[in-house]
Amino acid sequence: MDFQNTWYVIERHNRYEAVSHEVLCTFEADTYVMLQNFETHHEALVELRRLIRIEIEETQQKLMSNTPPKF
Amino acid sequence: MLQPAAHPERLPSVWVDVLTPLKSDFNVDVTRLCAHVRNLSAKGVQRFAIFGYAGEGACFSNAEKLDALAHLTGSGIPAQDLMLGVSSTTMTDAVQLIQSAHKSGVQRFMVAPPLHYQPIGQGAMLDFFRQLIRQVNLSPWQLYLHQLGGASRLDVAEATISELRREFPSVLAGIVDQDIHPSHTLDLMRSFTPQLAVIPTHEANLVVLKPTATLSALANLIPIVIQHILSHDTAVQTTVMSGMKVRKPDDRVTELMTAIGDQPMIATLKLFLSVHYHQTEWELVRPPLMRVSSTAHEPLLKAFKNFNLLANE
């Protein structure tokens, strides 16, 4: 398969990013975790949005569980 | 390009025993399957066995396998990079699957001995494979005998393999050994290499066996580690701090096996992939395969977090 014009969703420095193959090649090998590869930028962005939404929901749940009960 | 059966030792190295993602109705999620294979391909893996042992091959019909195959090749995965698992109780089904998949360009088939109500004798086993090869009657195609391990009592005996090799040298290309005991694989290697490729599947044995190829279920998660083991690289860590133990590739295999523990392997690997991809659907296995129990769920998630899948694995 040819990945030259594809896009990746990666996790880097505790953040999700959508980057092109060209950009990914400039990163040090052990500085990111490759999550998924996509044919188009649009698909990568859809996945990026989904992951960020999950993070937000999980953070909300954590905050809710840490909130002391109101009397 | 397909290697001739006469030189099976040149078979490219790591074959991922691809896990099969399911939808909530337990049908194959072909979109997710194509994406997973694509992701593995982006990590440098080039060979994929679909519907093998880890791919829950015995749980799917011919039609489901062919549909998934069509989606994979349609999404740009070259058919010559695929090996298809064939595990059918009836010869006609096995023949039909091989012939249909061959039309899509697949030339390698991993065929398991048929299941029957009673143990199958080696004479009957020889007849089954002999008739299967004759009825498939294609050129070129390669058959890999899928040895399911001692406990299954379904192994094809060495004498039977020798006879098949003698009768069909251009078809019988190798043996995929699912047995966890290295001595089992070693015996096969001593008897049949280099005439046949003997492909172990138990990653913990790779360092001892030093095979030229492996079929790996763990490669669904750590394909680069498995590649390192096969190429006898010593370290996968690129960042080394003084005083810190440098983990070797086989250490990572041990750590992942420890994280899996005594839980059902396929379900556990799917659970880990669901975490990696943040897709809960990946957890599903098709009945009658056992799911991860509710009590084991949280400890496994914790174990996978501690495993800490690294960037270059």
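The model is predicted, so local features need pLDDT of at least 70, side-chain atom pairs count only at pLDDT 80 or more, and totals for chains, interfaces and linings use all residues. Residues are numbered from 1 along each chain as its sequence is written, while chains are lettered from A and ligands numbered from 1 in the order in which they are written.

**Exercise 1.** Find out how spread out chain A is.

Solution. Start with the elements: chain A has two helices and three strands (DSSP runs, H or I over at least four residues for helices, E over at least two for strands, numbered from the N terminus). Along the sequence they follow the pattern β-β-α-β-α. Next, take the radius of gyration over C-alpha atoms and compare it with the globule rule, 2.2 Å times the number of residues to the power 0.38. The radius is 16 Å, well over the 11 Å that the rule gives for 71 residues, so chain A is more spread out than a compact globule. Finally, look at the box filled by its C-alpha atoms, roughly 60 × 25 × 15 Å along the principal axes.

**Exercise 2.** Work out the strand order of the open sheet in chain B and find its edges.

Solution. The eight strands run in the order β7-β6-β5-β4-β3-β2-β1-β8, with parallel pairing (two strands pair if DSSP finds at least two bridges between them). At the edges stand β7 (197-200) and β8 (214-216) of chain B, each with a single partner strand, so one side of each lacks a neighbour in the sheet. Now zoom in on one pair: strand β6 (residues 172-177) of chain B and β7(B) share four bridges. Within β7(B), B:Pro200 is the bridge partner of B:Asp177.

**Exercise 3.** Decide whether B:Lys270 is buried or exposed.

Solution. First locate B:Lys270 in helix α10 (residues 265-277) of chain B. Then count C-beta atoms placed from the backbone within 10 Å: 20 or more others make a residue buried, 12 or fewer exposed, and anything in between partly exposed. B:Lys270 has 25 such neighbours, so B:Lys270 is buried.

**Exercise 4.** Describe the side of chain B that touches chain A.

Solution. Count first: 15 residues of chain B are in contact with 13 residues of chain A (contact: C-beta atoms, placed from the backbone, within 7 Å). Helix α1 (residues 30-42) of chain B gives the most to this side, with five residues.

Terms used:
Two residues are in contact if their C-beta atoms, placed from the backbone, lie within 7 Å. Ala, Val, Leu, Ile, Met, Phe, Trp, Tyr, Cys and Pro count as nonpolar, Asp, Glu, Lys and Arg as charged, and the others, Gly among them, as polar.
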